[in-house]
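Here are my notes on the model you sent. Please read them with the structure open beside you.

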Amino acid sequence: QAQVVESGGGLVQAGGSLRLSCAGSGRTFTNYAMGWFRQAPGKERAFVAAINLSGSRTYYADSVKGRFTISRDNAKNTVYLQMNSLKPEDTAVYYCSAISWPNTPAFNAWGQGTQVTVSS
């Protein structure tokens, strides 16, 4: 099971940028595609972005396409989410997870997440 720790969230004004990081532990990290998900207050957790094992393929939810970029550094066991042109509706707790391509969490376990708050 891939264990992860998310970081990089914060408070930002609309139109601003943030870069989230997801540090993985355990050898299983390098055996999985990885994805970012988010959960806004009162809503279910939703898929945001995915990247395959090698980093050569990505997949995005329509709501973030063109604004967010997912990447990974397997040497550092880390996945990133660069978020640009942020909108108030991007406010949520962001989680990363190993996935079954393209957007299904591989395990029924989540880290603590990182809070992103976008003010208007």
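1. Start with one pair. S21 stands opposite Y80 in β8. Strands here are DSSP runs (E, at least two residues), numbered from the N terminus. Another pair on β8 is L18, whose bridge partner is M83. Both pairs belong with β3 (residues 18-25) and β8 (residues 78-83), antiparallel strands joined by six bridges. Two strands count as paired if DSSP finds at least two bridges between them.

2. A word on the source. This is a predicted model, in which local features need pLDDT of at least 70 and side-chain atom pairs count only at pLDDT 80 or more, while totals for chains, interfaces and linings use all residues. Residues are numbered from 1 along each chain as its sequence is written, and side-chain values use heavy atoms, with hydrogens and water left out.

3. Now the other partner of β8. Six bridges also join β7 to β8, and these strands run antiparallel. I70 stands opposite L81 in β8. The hairpin of β7 and β8 has four residues between the strands. Within this hairpin, N77 takes a positive phi near 50°.

4. Is β8 mostly covered or mostly open? Mostly covered: five of its six residues are buried. Buried means under 20% relative accessible area, exposed means over 50%, and partly exposed lies in between (1.4 Å probe, protein chains only). Over the protein chain, buried residues make up 42% of the 120 residues.

5. Look at the core next. The largest nonpolar core has 32 residues, and W36, L81, M83 and Y94 touch the most other members. Such a core is a set of buried Ala, Val, Leu, Ile, Met, Phe, Trp, Tyr and Cys residues joined through side-chain atoms within 4.5 Å. Strands that each supply at least two residues of this core include β4 (33-39), β5 (46-51), β9 (92-100) and β11 (114-119). In soluble globular proteins, nonpolar side chains tend to be buried together.

6. S97 lies in strand β9. S97 counts as buried because its relative accessibility is 3%. Not counting residues up to four places away in sequence, S97 touches A33, M34, G35, F37, P105, A106 and W110. Contact means heavy atoms within 4.5 Å.

7. Compare that with G8. G8 lies in the loop between β1 and β2 (10-13). G8 is partly exposed, with a relative accessible area of 36%. Leaving aside neighbours within four places in sequence, G8 is in contact with L18, R19, L20 and T114. G8 and Q115 are 107 residues apart in sequence but 8.4 Å apart in space, C-alpha to C-alpha.

8. Finish with the whole chain. The protein chain has zero helices and eleven strands. The radius of gyration (taken over C-alpha atoms) is 13 Å, close to the 14 Å of the globule rule (2.2 Å times the number of residues to the power 0.38), so the chain is as compact as a globular protein of 120 residues. The C-alpha atoms fill a box of roughly 40 × 25 × 25 Å, taken along the principal axes.
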